[in-house]
Amino acid sequence: MGMILSVKDLSFSYGARKALDRVSFEMNPGEILCVMGPNGSGKSTLIDCVLGIHKPDSGTLLLDGKEVQAYKRQEIARHAAYVPQNHSVTFPYTVREAVMMGRTAYLPAFGAPGAKDEQLAEEAMDRVGISQLADRPYGSISGGELRLVLLARALCQQTPLILMDEPTAHLDYRNELKFLELVSSLSKEDGISILIATHAPDQAFFFESTGCNVSALFLQKGVVASKGRPGEIITESCLEGIYGIRAKILESDGEKTILLQKSL
Ligand code: ADP
Ligand code: MG
């Protein structure tokens, strides 16, 4: 099987401000890529380029072997799903209907979802563990539940790649762990590729310790500062260089974790 995502020398600017500078990386089927870096380093911009929302200034971006800009919008949605960072709830739908939105990628214009779409939505909610929320108004659920609903919507879209923008930012410990366990099993058991933007390198260690095929990539001011296996590239000196902090990397029960000590 070919690469699900192949990015080469990708550059993008907002006007005169360069946000991505010759970014290159590849993702295999079933691989998790943790894109890390401080606020403003270009993580969300990179996701927007993969989704075809931003047109790169230069470089190539192949999604399932084809240049992203050559896809129609609805076609992209059959190859890549998106779990956004912020999602304002502006429509009066139930959770089930919101999850079924993932099927829009497959419906003709103005087409209504059918029995198969409904079944896929039920399966996605079951997989994520939110079936009990199905009839709740989408606007009435908590931030943590919303994140799981957005993940179910992405699953319902049945894409080989899911892009997630800081998906655990507002989750409590248990919901964060549940979310990370789901990501781990989607990669290992379903062979879905997952690009996850995060500023928590601990998550890359979690995926590594749960036996995922996981890579890490650090962005710094739009440039790839390093990439490789989490255990190899996430070091105390790298955390100092990229985040300007002193931190210790500890190991317990075969899993590494980061102890934050001091901002420099
Ligand atoms: P991250 O997701 O890593 O926090 P972003 O991709 O959001 O970083 O931002 C990368 C850089 O691009 C930052 O300097 C940010 O200020 C700038 N930027 C992001 N969005 C816009 C925009 N819509 N217009 C102008 N500059 C932007
Ligand atoms: Mg961002």
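Visitor: Is Lys221 buried or exposed?
Guide: Lys221 counts as exposed, because its relative accessibility is 74%. The scale is this: buried means under 20% relative accessible area, exposed over 50%, and partly exposed in between, with a 1.4 Å probe and protein chains only.

Visitor: Before I go on, what are the ground rules here?
Guide: This is a predicted model, where local features need pLDDT of at least 70 and side-chain atom pairs count only at pLDDT 80 or more, while totals for chains, interfaces and linings use all residues; side-chain values use heavy atoms, with hydrogens and water left out. Residues are numbered from 1 along each chain as its sequence is written, and chains are lettered from A and ligands numbered from 1 in the order in which they are written.

Visitor: Thanks! Where is Lys221 found?
Guide: Lys221 is in the loop between E9 and E10. Such labels are DSSP runs numbered from the N terminus: helices (H or I) have at least four residues and strands (E) at least two. Lys221 also has a positive phi of about 50°, although it is not a glycine.

Visitor: And which loop holds Gly222?
Guide: Gly222 is in the loop between strand E9 (214-220) and strand E10 (223-228). At 0% relative accessibility, Gly222 counts as buried.

Visitor: What does Gly222 touch, not counting residues up to four places away in sequence?
Guide: On that count, Gly222 touches Ala19, Leu20, Asp21, Val23 and Ser41. Contact means heavy atoms within 4.5 Å.

Visitor: New topic, helices! At what angle do H5 and H6 pack?
Guide: Helix H5 (residues 143-156) and helix H6 (residues 173-190) pack at about 15°, with their axes 10 Å apart. Axes are lines fitted to C-alpha atoms, for helices over the stretch in contact, and angles run from 0 to 180 degrees between N-to-C directions. H5 and H6 are therefore roughly parallel to each other. The classes are under 35 degrees for roughly parallel, over 145 for roughly antiparallel, 65 to 115 for roughly perpendicular, and oblique for the rest.

Visitor: Which residues make that contact between H5 and H6?
Guide: From H5 they are Gly144, Arg147, Leu148, Leu151 and Leu155, and from H6 they are Asn175, Lys178, Phe179, Leu182 and Leu186.

Visitor: How does H4 sit against H5?
Guide: Helix H4 (residues 115-128) and H5 pack at an angle of about 135°, and their axes are 8 Å apart. That makes H4 oblique to H5. On the H4 side the contact includes Leu120, Ala121 and Met125, and on the H5 side Leu148, Leu151 and Cys156 are among the partners.

Visitor: Last one: which residues touch the most other members of the largest nonpolar core?
Guide: Phe207 and Ile234 do, in a core of 56 residues. The largest share of this core, 9 residues, comes from H5. A nonpolar core here is a set of buried Ala, Val, Leu, Ile, Met, Phe, Trp, Tyr and Cys residues joined through side-chain atoms within 4.5 Å. There is also a second, separate core of 29 residues, which includes Ile4, Phe25, Ala80 and Leu163.
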